[in-house]
Amino acid sequence: MSTATMSAPAISVRELSKSYGDLQVLRGVDLDVTPGAIVALLGSNGAGKTTLVRILSTVLAADGGAASVGGFDVTSQAAQVREAISLTGQFAAVDEILTGRENLILIARLRHLPDPRAIADALLEKFSLTDAGGRPVATYSGGMRRRLDIAMSLVGNPPIIFLDEPTTGLDPQARIEVWQAVKELAAGGTTVLLTTQYLDEAEQLADRIAILHEGRIIVDGTLAELKRLLPPAEVVYVEKQPTLEDVFLAVVGHTSATTKDGDPS
Amino acid sequence: MTRHFVSDLGALLGRSLRHIARSPDTIITTAVMPIAMMLLFVYVLGGAIDTGSASYVDYLLPGILLITIASGISYTAFRLFLDLKGGIVERFQSMPIARSAVLWAHVLTSLVANLISLAVVIGVALIMGFRPVAGVGDWIAVVGILLLLTLALTWVAVIPGLTAKSADGAVAFSYPLIFLPFISSAFVPTATMPGPVRWFAEHQPVTAVVDTVRSLFAQQPVGNDIWVALAWCVGVLAVGYLGASLTYRRRVA
């Protein structure tokens with residue numbers, strides 16, 4: 001598919017391969033992500049999404065091929081890559097014993113930023129966690145934990161962010177909160193590569209969608225381009241029934257901002 | 001990348017020390033088992049043990065301190081295992097930090113936690129009639145040897161912490177370490193043991209360390225024991241540190 005880019009890509013992957021023993025997880029992945037884009041990496045469980053993200057974020061070494069992030073090679077210039085990225089792993093990597101504020105301060109200190117406290121307060125505010133900021137993370141709900149996790153990834157405003165299945169295991173309300181956070185990121189010009197197994201999530205968030213299947217990117221394009229792969233849509237009339245999700249969200253009132261900081265449900 | 005080692009270590013050490021401060025139960029449980037053993041041996045079994053020294057608690061305490069360390073370091077393996085499992089190590093690895101600071105923070109935390117546990121156990125021993133005649137220099141030597149031993153065993157504990165598949169597995173390695181003092185001069189003099197057991201008891205590290213600490217407390221000459229003890233500690237430290245570093249490099253690729 002079309003991979004043409006005007007400026008230097010934020011992420012560039014060529015012929016990347018990785019095996020665990022006999023199991024070939026990545027069999028020659030090619031991918032380009034333009035700066036400022038949100039790209040969804042779509043694939044079923046075990047497709048190799050997490051493996052690809054871990055290689056790009058320098059925590060796993062590839063067997064073959066090349067990958068660069070922010071213009072730096074992930075193998076030979078790993079230190080520079082780490083300056084340019086942040087990784088939000090599949091499971092919220094937060095410290096349960098520390099408070100939300102302490103988690104953010106820790107990351108700010110590890111990124112060697114001046115005034116970690118001010119950074120922490122600003123991010124707590126941005127993710128509606130100010131009231132919960134002084135509580136240990138162990139008391140947070142799944143959605144709050146994930147929001148804190150993403151907030152920790154934004155410390156120091158890295159230009160490229162990897163989100164590995166950011167909404168897996170979240171309730172619909174928390175999922176929408178995370179989507180909101182991702183959209184705000186993109187509005188700020190951050191490049192986002194997110195993996196998901198939910199088609200609607202890719203549709204909601206991504207400028208481009210890449211489908212990873214059996215270790216290769218088999219399709220890569222905008223939603224419109226992907227839709228053109230199929231024969232033109234037939235017009236049929238059906239009665240619009242509310243989905244259970246619509247009902248759930250209507251009943252619990254997901255839009256009220258005051259419930260965001262509420263107790264874990 | 002290592003130019004930030006000190007500040008990164010400071011940040012991560014602050015985190016680990018907060019964990020201890022907020023779950024002091026880990027220090028209490030570390031001290032409870034050795035204290036229970038000390039009570040058992042001094043008030044139940046000790047009367048029947050002839051050590052030749054005036055008070056059995058004086059004889060016993062060095063071995064109890066070693067058991068305290070052996071059970072204390074297993075918490076390092078446990079905490080490290082939880083960090084890896086929770087993904088926070090992966091987050092640290094993807095950041096521009098000095099990578100070795102992640103392990104050093106856990107190791108230094110272990111030194112602090114064990115020092116507190118040891119102080120608690122010694123406090124109880126004093127209540128039970130432990131009367132050291134050691135001077136300041138002897139005390140410094142005792143603390144130095146115990147810290148060196150803690151450092152060495154903590155690096156060993158890092159290895160199961162990095163490789164274990166379960167929390168139980170991460171902690172299980174310490175059980176033989178807790179048992180080792182029983183086959184040494186820690187509880188009874190080795191002279192009464194049958195040949196092969198006695199040979200093992202007299203040539204394993206616990207005996208050298210225990211005899212050294214006991215002599216220092218009593219202001220007796222330490223003789224060769226202190227050099228044997230130090231050699232064991234440094235040897236275990238070297239092997240543990242190398243093993244842990246290699247495992248870490250392999251584990252986090």
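At 1% relative accessibility, B:S174 counts as buried in this predicted model. The residue belongs to helix α8 of chain B, which covers residues 174-179. Apart from residues up to four places away in sequence, B:S174 touches B:A70 and B:S74. B:T30 sits in helix α2, residues 25-45 of chain B. Once neighbours within four places in sequence are set aside, the contacts of B:T30 are B:T68, B:S71, B:G72, B:Y75 and B:S117.

We can now turn to chain A as a whole. Chain A contains nine helices and 10 strands. Its radius of gyration is 19 Å, close to the 18 Å that the globule rule gives for 265 residues, so chain A is as compact as a globular protein of that length. Along the principal axes, the C-alpha atoms of chain A fill a box of roughly 55 × 45 × 40 Å. Of the 265 residues in chain A, 48% are buried. Among contacts in chain A with a separation of 6 or more, 69% come from residues 24 or more positions apart. A:V235 is found in the loop between α8 (223-228) and α9 (244-252) of chain A. Its C-alpha atom is separated by 34 Å from that of A:L31, 204 residues apart along the chain.

The next topic is the meeting of the two chains. Here 30 residues of chain A are in contact with 26 residues of chain B. Together the chains bury about 2,500 Å² between them, and 57% of this area is on carbon and sulfur atoms. On the side of chain A, the residues losing the most area to chain B are A:R82, A:L110 and A:H112, which together account for 27% of what that side buries. The interface also holds 12 residue pairs in polar contact and five salt bridges. One salt bridge between the chains joins B:R18 to A:E102, with the closest N and O atoms 3.2 Å apart. The elements of chain A that give two or more residues to this side are α2 (78-84), β6 (85-88), α3 (100-110) and α5 (142-154). Of these, α3(A) gives the most, with five residues. Sorted by class, the side of chain A that touches chain B has 16 nonpolar, six polar and eight charged residues.

Over all chains, the search finds 18 of them. In one, A:E177 pairs with A:R147, and the closest N and O atoms are 2.2 Å apart. This pair links distant parts of the chain, 30 residues apart, with A:E177 in helix α6 (residues 172-187) and A:R147 in helix α5 of chain A. Both A:E177 and A:R147 are buried. Another salt bridge joins the side chains of A:R175 and A:E245 (3.2 Å, N to O). These residues are 70 apart, with A:R175 in helix α6 and A:E245 in helix α9 of chain A. A:R175 counts as buried at 9% relative accessibility, whereas A:E245 is partly exposed at 30%.

In chain B, B:R198 forms a salt bridge with B:E202, where the closest N and O atoms are 3.0 Å apart. The two are separated by about one helical turn, because they are four residues apart in helix α9 (residues 195-203) of chain B. B:R198 is partly exposed, with a relative accessible area of 34%, and B:E202 counts as partly exposed at 36%. Finally, salt bridges that share partners join A:D95, B:R15 and B:D83 into one network.

Note on methods
Residues numbered from 1 in each chain as written. Chains lettered and ligands numbered in written order. Predicted model: local features only at pLDDT ≥ 70, side-chain atom pairs only at ≥ 80, totals over all residues. Heavy atoms only, no water. Contact = heavy atoms within 4.5 Å. Buried area = accessible area lost by both parts, 1.4 Å probe. Salt bridge = Lys/Arg side-chain N within 4 Å of Asp/Glu carboxyl O. Polar contact = N/O pair within 3.5 Å; in protein donor to acceptor, adjacent residues only side chain to side chain. Nonpolar A, V, L, I, M, F, W, Y, C, P; charged D, E, K, R; others polar. Buried < 20%, exposed > 50% of the residue type's maximum accessible area, 1.4 Å probe, protein only. Rg over C-alpha atoms; globule rule 2.2 N^0.38 Å.
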